[in-house]
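Here is a short briefing on one protein chain. Look over the sequence and the fold first.

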Amino acid sequence: MAQQNNGCYHHEQMGFFYNKSGGDDKWDTTQLILVQVVGSLFCCFILVSNAMVIAAVITNKRFHYPFYYLLANLAASDFLAGIAYVYLMFNTGEVSRRLTVSGYFIRQGLLDISLSASLSNLLVIALERYISVMSWKVHSNLTKRRVTLLIVLVWAISILIGAVPSLGWNCICNLETCSKLAPIFSRSYLVFWSVSNLVVFLIMVAIYLRIYAYVKKKTAMLMPHTTGSINRKRTPIKLIKTVMFVLGAFVICWTPGLVVLLMDGLDCQTCSVMILKRWLLLLAVLNSVMNPCIYSYKDEEMWATFKNLLRCIGNGTRRQRSSRANSRPLSSAQDTGNSQPPSEEIKNDDQGMLKT
């Protein structure tokens, strides 16, 4: 298609941008099938497990505290990530070259929104833990209204960040600035995106190091005086450990991808960013798989609630099958088999009637 009068290429397919940027999104058939099969299994687990986390927080009154509301919101962002991964996996390879510009913005926007929501949730949870631990309480004094406002703010910021490229920070009108990993995203945007996320990582790590140092110091001070009651104070420490495991998994799974994005944004010519891209995708998917496992492993109450939910689902399914069986009309053979045999008196009466 000829270049448009305004120098932009909004109506081109993505194959045009891949060719111009030098990014090759061609996949080996075996690799593509492997990624789609493994990724689909992961995504099914992500959707089911994170839905159970949300259901557990809603149904169990012991989870009706700010920390668990924010944890449920983190599960909601992982749930969205599962949807985004499914959409991405089946719109990659040769299919991605046939996508329109708007279709590509949707594909990448879902990923950016889910990542931003996860990162923002982890930052808010870190601040909530900081407030509660510094006052040496299991849960902070945040009201439901403030927690709701925080959750709304998290999603508003995440949606805004995910929509930034489609709002103008792209290279559709300046192909020389296009990146290889995201051929309609400007390299400057990738630098901003990766650096800002890495900075947030460092902030959260600093917060938890501060929390850990305070808890260790506080515990050492209380131990000689509250030997009998110190066990009751270990609950906030357990919650901190849970979040630290979640944060550690997030950093491990996402840092390599952010570094690769940064290298592409800096126009590293010797970096094999396209080769690493497809495997870093599975590593990112693995992060959303790990979170529900961490919740259930580190939180006994969460695991017990999971089992109760599964038990309720199983009992409900059995009841539904039983009610269907009871409401099913009986056949003539079943009527004959279930009917009572005639008594001797009825038989004698019938014989007397025949004789008369």
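Is I33 buried, partly exposed or exposed? I33 is partly exposed, because its relative accessible area is 46%. Buried means under 20% relative accessible area, exposed over 50%, and partly exposed in between (1.4 Å probe, protein chains only).

This is a predicted model: local features need pLDDT of at least 70, side-chain atom pairs count only at pLDDT 80 or more, and totals for chains, interfaces and linings use all residues. Residues are numbered from 1 along each chain as its sequence is written, and side-chain values use heavy atoms, leaving out hydrogens and water.

**Surface patch**
- I33 sits in helix 2 (residues 29-59); helices are DSSP runs of H or I with at least four residues, numbered from the N terminus.
- Together with V37 and L41, I33 forms a nonpolar surface patch of about 290 Å² accessible area.
- Patch members have over 30% relative accessible area and no salt bridge, with nonpolar side chains joined within 5 Å.
- Accessible areas use the Shrake-Rupley method with a 1.4 Å probe.
- A salt bridge puts a Lys or Arg side-chain nitrogen within 4 Å of an Asp or Glu carboxyl oxygen.

**Helix 1**
- Six of the eight residues in helix 1 (residues 14-21) are buried.
- They are M14, G15, F16, F17, Y18 and S21.
- Their cover includes helix 4 (94-97), helix 5 (101-134) and helix 9 (273-298).

**Contacts of I184**
- I184 touches M14 and F17, among others (heavy atoms within 4.5 Å).
- Its partners also include V101, Y104 and F105.

Definitions and conventions:
Patches are made of residues with over 30% relative accessible area and no salt bridge: like charges are joined within 9 Å, nonpolar side chains (Val, Leu, Ile, Met, Phe, Trp, Tyr) within 5 Å. Helices (H or I, at least four residues) and strands (E, at least two) are DSSP runs, numbered from the N terminus. Lists of a residue's contacts leave out its neighbours within four places in sequence.
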